[in-house]
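Me: I would like to learn how to read a protein model feature by feature. Please take me through this one.

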Amino acid sequence: MEEGSENSEQLLDNEGNDLENECEQVLENEGNDLDNDCEQVFEIEGNDHENVTDFDTRIVDGENGMSQGKNYLPPVVGMEFESYDDAYNYYNCYAKELGFAIRVKSSWTKRNSKEKRGAVLCCNCEGFKTIKEANSRRKETRTGCLAMIRLRLVESNRWRVDEVKLEHNHLFDPERAQNSKSHKKMDAGAKRKVEPTLDVEVRTIKLYRTPALDAMSYGNSSSSEREINNHTDQPKRLNLKKGDAQVIYNYFCRVQLTNPNFFYLMDLSDDGHLRNVFWIDSRSRAAYGYFGDVVAFDTVCLSNKYEIPLLAFVGGNHHGQPVLLGCGLLADETPETYIWLFRAWLTCMSGRPPQTIITDQCKALQSAIAEVFPRAHHRLCLSHVMQRILEKLGDLQENEPFRTALNRTVYDSVKIDEFELAWEDMIQRFGIRSHECLRTLYEDRERWAPVYSKDTFFAGLSTFQQGESMSSFFNGYVHEQTSLKEFLDMYEFILQKGHQKEAVDDFESRDSTPTLKTRCFYELQLSNVYTKEIFEKFQGEIEMMSSCISITQLHVNGPIVTYIVKEREGDVNMREVRNFEVMYDKAGAEVRCICSCFNFKGYLCRHAMCVLNYNGLEEIPLQYILSRWRKDFKRLYIPDLGSNNVDITNPVQWFDHLYRRALQVVEEGMTSQDHYMVAWQAFKESLNKVRLAADKHV
């Protein structure tokens, strides 16, 4: 029994680093013949694979099966191939370059047909010898290696990679692999180029050189023109005021000097007009590794009422506070534009998508997410949905009986049939069955109604309680008339305020002792574990355990027992009793409540804790204490330190290497007061030593 399909403890690891390094290597190789200045901008290629040979294509020589001096991208989920043979040859060539062999572990065909539908290609060291084979004199070569790719035939008659495991549990042996069956087949089998079309989660990056900045056309930013551009056949371009292109250019150049891992992409039309822009700083890229499992796309500023067409990628940190994971400026709100932006963002994140994506309701967004993030859970922001319902219903907006019925239907339904019956009763009672907005939302109810999302992990980033709401990440800073220059001028300040708040919250969580409000041992247990903000939210559940008035065993199925927890709700004069089903697995000490608080917020609800207490558990099981909420959660917002090999004649490499190492000391020094004092003392001593070394050469 699992508490949700995705667990936020399974934070993003480093499997994707190879992919990111590959992408960066492509950029580096492409840019060697260009001047090293800030006039370089990048465009993510869409489906234009005819131009693939214009840059660093990774192909296999059909005559000898050898890579032409190029490295193969590691396999990632979403790669697509025109045929099964292409997919096999690609993985075989990738394996040969690394020094291992492959074989077909399993394959399956369509029922009553010989047409192959799927296959698993694995490392030749997968599995172990059988008992019969173990008695043979042949040398044991299998190590139980788990490296593999799973392939599936998709509707477009292409083969897609559905699952990837990159790590091997053995050393590579290129010489032995060279003589394997799979590599011997290369000599005559690969008659065509084998380059996957990275159709979903990874895209090749094509390097452009901008013409002059003035060639980037600009126009007025009136909402009427923006709307016209979205619905006519005119070339798409970013609506900029005079001088805005120079502002963007200057900002990106300035930031890259002080932030070596800063990344940006510009999408240019064929005639050099700027269409879309994406950028992300090094701290945000690092933060995604810790808090990228659930991401919200903040599109508030894309409304025509705003001067700047801004989209922000937002996650939630260990204090439950929003953390920025990237920004974009968009020419329009079409699926093609969103697809470009999402692929740009995903490229920065090593091709690794979030588990859950939260957006406002938008058909173009929905289409783009299905294309770029096919395996993610796409959900709509509930507070925005509720706000939209009230705004669209006009006179009913101030109708208290209707608001009560709507809130009960959405927030209080714990089973799907309860929601369906309550919704039908509501639209019939208030005569709103024919309302187009409600009909459209009802058709999309599985994306926003809490009762349909109980198995989706949200990490507290979405709102599922009455009265809660989500605001824009830049709320209070960006207004309808805020210009692009004003926004970029204060952008660094906004980020710095967020960093300072996180540092203050870290300090308060470490050095303050929460005041306990009950004698419940669960409260004492997690007061020493959770960050201050998360503990205060959890403490509310502890206090409400007193409203749970009885626990009754409903039925038993082996080690799994289902209980009914009765709870009193409402004020003193109008208190109702509601029943909540809670399943408890005695064997694994696993508990799951029908209210799904753990998946929604990341900590256990009062109903589940009552059942744990009823069964004599004095502590909350560790699987329900997520590492992301811990006050000792370790994070380092620093760029990849990379190699220590530095060209001692290159001042640029001096700066880059020293900056990254110093930043690592800063991040480590922020973890506690003692660490800060040690780091500060080390900086002073280092500075004195550097000055003494300089004085000797005067």
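Me: Which residue is the bridge partner of Asp585 in β18?

Reply: Strands of a sheet pair through backbone hydrogen bonds, either parallel or antiparallel. Here the partner of Asp585 is Glu590, in β18. Two strands count as paired if DSSP finds at least two bridges between them. Strand β17 (residues 576–585) and β18 pair in the antiparallel sense over four bridges.

Me: What should I know about the model before going on?

Reply: This is a predicted model, in which local features need pLDDT of at least 70 and side-chain atom pairs count only at pLDDT 80 or more, while totals for chains, interfaces and linings use all residues. Residues are numbered from 1 along each chain as its sequence is written, and side-chain values use heavy atoms, with hydrogens and water left out.

Me: How many helices and strands does the protein chain have, and what share of its residues is buried?

Reply: The protein chain has 22 helices and 18 strands. Of its 698 residues, 49% count as buried, where buried means under 20% relative accessible area, exposed means over 50%, and partly exposed lies in between (1.4 Å probe, protein chains only). A contact means heavy atoms within 4.5 Å. Among contacts with a separation of 6 or more, 64% come from residues 24 or more positions apart.

Me: In what order do the strands of the sheet with β17 and β18 run?

Reply: The order is β15-β16-β17-β18, an open sheet of four strands with antiparallel pairing. β15 (548–557) and β18 (590–593) are at the edges with a single partner strand each, so one side of each has no neighbour in the sheet. Direction ignored, neighbouring strands of this sheet are turned by 25 degrees against each other on average. Such angles are taken between axes, which are lines fitted to C-alpha atoms (for helices over the stretch in contact), and run from 0 to 180 degrees between N-to-C directions.

Me: Which helix lies across β15, β16, β17 and β18?

Reply: Helix α20 (residues 606–614) does, running at about 125 degrees to β16 (560–569). An unreviewed UniProt entry places "domain: SWIM-type" at residues 580–616. UniProt positions are given in the numbering used here, feature names are shortened, and annotations may be inferred rather than shown by experiment. Over residues 580–616 the chain is 38% helix and 27% strand, with the end C-alpha atoms 20 Å apart.

Me: Is Ser596 buried or exposed?

Reply: Ser596 counts as buried, at 1% relative accessibility. Ser596 is in the loop between β18 and α19 (597–601).

Me: How many residues are in the largest nonpolar core?

Reply: In soluble globular proteins, nonpolar side chains tend to be buried together. A nonpolar core is a set of buried Ala, Val, Leu, Ile, Met, Phe, Trp, Tyr and Cys residues joined through side-chain atoms within 4.5 Å. The largest one here has 73 residues, and Phe402, Trp448 and Leu604 are among those with the most contacts inside it.

Me: Where is His319 found, and what does its side chain contact?

Reply: His319 is found in the loop between β11 (310–316) and β12 (322–329), and is buried, with a relative accessible area of 1%. A polar contact is a pair of N or O atoms within 3.5 Å; within protein, one must be able to donate a hydrogen and the other to accept it, and residues adjacent in sequence count only if both atoms are side-chain atoms. The side chain of His319 makes one with the side chain of His318 (3.2 Å) and one with that of Asp506 (2.7 Å).

Me: Why is strand β9 described as largely enclosed?

Reply: Seven of the seven residues of β9 (residues 274–280) are buried, so the rest of the structure largely encloses this strand. β9 pairs with β8 (residues 263–268) in the antiparallel sense over six bridges. Three bridges join β9 to β12, also antiparallel.

Methods: Helix = DSSP H or I, 4+ residues; strand = E, 2+ residues; numbered from the N terminus.
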